[in-house]
Amino acid sequence: MIPSACYGLARKALFALDAEHAHHLTIASLARAPFTGAAFGRAGDDPVEVMGLQFRNRIGLAAGLDKNAECIPAWNAMGFGFAEVGTITPKPQPGNAKPRMFRLPAKTALINRLGFNNVGLDKALSNVRSARRGNMVLGINIGKNAATPAQQAVDDYVTGLMAAWPLADYITVNVSSPNTKGLRDLQAGDARDALLGALSASRVRLQDATGQNVPIAIKIAPDMDDDGVRAMADAAVANGLDAIVATNTTLARDAVQGLSHADEVGGLSGAPVRERATAVVRVLAEHLGGRLPIIGVGGVTQPEHAVEKLQAGASLVQIYTGLIYAGPALVRHAVRAAKQS
Ligand SMILES: Cc1cc2nc3c(=O)[nH]c(=O)nc-3n(C[C@H](O)[C@H](O)[C@H](O)COP(=O)(O)O)c2cc1C
């Protein structure tokens, strides 16, 4: 998608900077002036109920752009139906060494190995508490600290679940970032079952204690094979989860070979992940047959890509990299395309 003339200028200035510097500048501007994004036009309404929640439209902000929940009013003003903040870990952590975020403009793509740099639950959730979110649905995405040993990973997620419970409309359990050692091991086998079992037991306790329910989603990688995807879907159903977010970034590099930065370690996002991410949505939809809703994410850089995710079986769609390349107008166009589909 060609950016609007107005965003085209902003993008030129931002793309002249290192990718992470541009990111911080954008977050700081949106935090200070939440209505900047709204200047690109407000998205219309296309109400839908998913996970028992009312969404004003099907297009959401994917996790990772607003890790510390600093810009919730801006996402609301931009017209997103929902925004997922995080990934938030129990304790603050700096993430990996810089540079750790790279643009691949020829393929409308990014590679990042940020490694859950975030201010931790206390501060991020205090940001959530003080933010006006209007009628936009808010997801809180939780993860584990890099320093937490694999055997204690479950404790970090339970801590995140308990802390986010009073503030989130839904909570996403991120077990699919490629940038935290061992994280993706939580997607399969005994480690997965132990994690989902613990979350399910904690949720019953939280329901009893608070008298409220908060839907829980799990976010998966595009790099699992189809049988792994089906096994994850079965485990999600068996443990009473409410949705699957498909997908996170990919380790695959076939689509970007030979390009500058293609060999950087990390997760690849944007156009090159679209096809596999949509295929994962399709595998999930066929296997689940409506038992759980799917949130489709990966490579939505044009409005019709959102429609593609919905047609593959997603109920909701999220965007990250497309927003960087196409600008906030993509939200409005994607909402309209989804509504007409
Ligand atoms: C710079 C960057 C940071 C990200 N950080 C997170 C994160 O903290 N947690 C998470 O669940 N996903 C994270 N993601 C993954 C996105 O949420 C999304 O799943 C992925 O990028 C595919 O969507 P896209 O092609 O629209 O970007 C990140 C992606 C990027 C590009």
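Which residues lie nearest the centre of the largest cavity? They are Ala 63, Asn 112, Asn 248, Thr 249 and Tyr 320, among the 33 residues that line the cavity.

## Basis of the model

This is a predicted model, in which local features need pLDDT of at least 70 and side-chain atom pairs count only at pLDDT 80 or more, while totals for chains, interfaces and linings use all residues. Residues are numbered from 1 along each chain as its sequence is written, and side-chain values use heavy atoms, with hydrogens and water left out.

## The cavity

The structure holds 1 cavity of 30 Å³ or more. A cavity here is a set of points, on a 1 Å grid over the protein atoms alone, where a 1.4 Å probe fits but cannot get out; lining residues have an atom within 4 Å of a point. The largest cavity has a volume of about 460 Å³, volume being the space filled by probe spheres set on grid points that are joined across faces, edges and corners.

Its lining divides into 12 nonpolar, 19 polar and 2 charged residues. In this count Ala, Val, Leu, Ile, Met, Phe, Trp, Tyr, Cys and Pro are nonpolar, Asp, Glu, Lys and Arg are charged, and the others, Gly among them, are polar. At least two lining residues come from each of β4, β6, β11, β13 (316–319) and α10 (321–326). Helices (H or I, at least four residues) and strands (E, at least two) are DSSP runs numbered from the N terminus.

## The ligand

The ligand sits in the largest cavity, meaning that more than half of its atoms lie within 2 Å of the grid points. It is surrounded by 25 residues, the closest being Ala 63, Thr 87, Lys 219, Gly 299 and Thr 321; a residue counts as near if one of its heavy atoms lies within 4 Å. This shell has 9 nonpolar, 14 polar and 2 charged residues. Strands β4 (82–88), β6 (109–112) and β11 (267–270) each give at least two residues to the shell.

Polar side-chain atoms of Asn 141 and Asn 174 each lie 3.1 Å from a ligand oxygen. The protein covers 98% of the 600 Å² of accessible area that the ligand has on its own, by the Shrake-Rupley method with a 1.4 Å probe.

## The pockets

A pocket is an open set of grid points with protein on both sides within 12 Å along at least five of seven lines. About 440 Å³ of space lies in the largest pocket. Of its 23 lining residues, Tyr 7, Leu 14, Ala 22, Thr 26 and Leu 30 are closest to the centre. Helix α2 gives the largest share of this lining, 7 residues. By class the lining has 17 nonpolar, 5 polar and 1 charged residues.

The second largest pocket holds about 150 Å³. Among its 15 lining residues, Ala 150, Ala 153, Gly 182, Asp 185 and Leu 186 lie nearest the centre. The elements that give two or more residues to this lining are α5 (153–164) and α6 (189–210).

## Backbone geometry

Most residues other than glycine have a negative phi, and most peptide bonds are trans. The bond from Gly 86 to Thr 87 is cis, with omega near 15°, and Thr 87 lies in strand β4. Another cis peptide bond joins Ala 246 and Thr 247, with omega about 15°. Ala 69 has a positive phi, near 60°, and lies in the loop between β3 (59–61) and α3.

Notes:
Polar contact = N/O pair within 3.5 Å; in protein donor to acceptor, adjacent residues only side chain to side chain.
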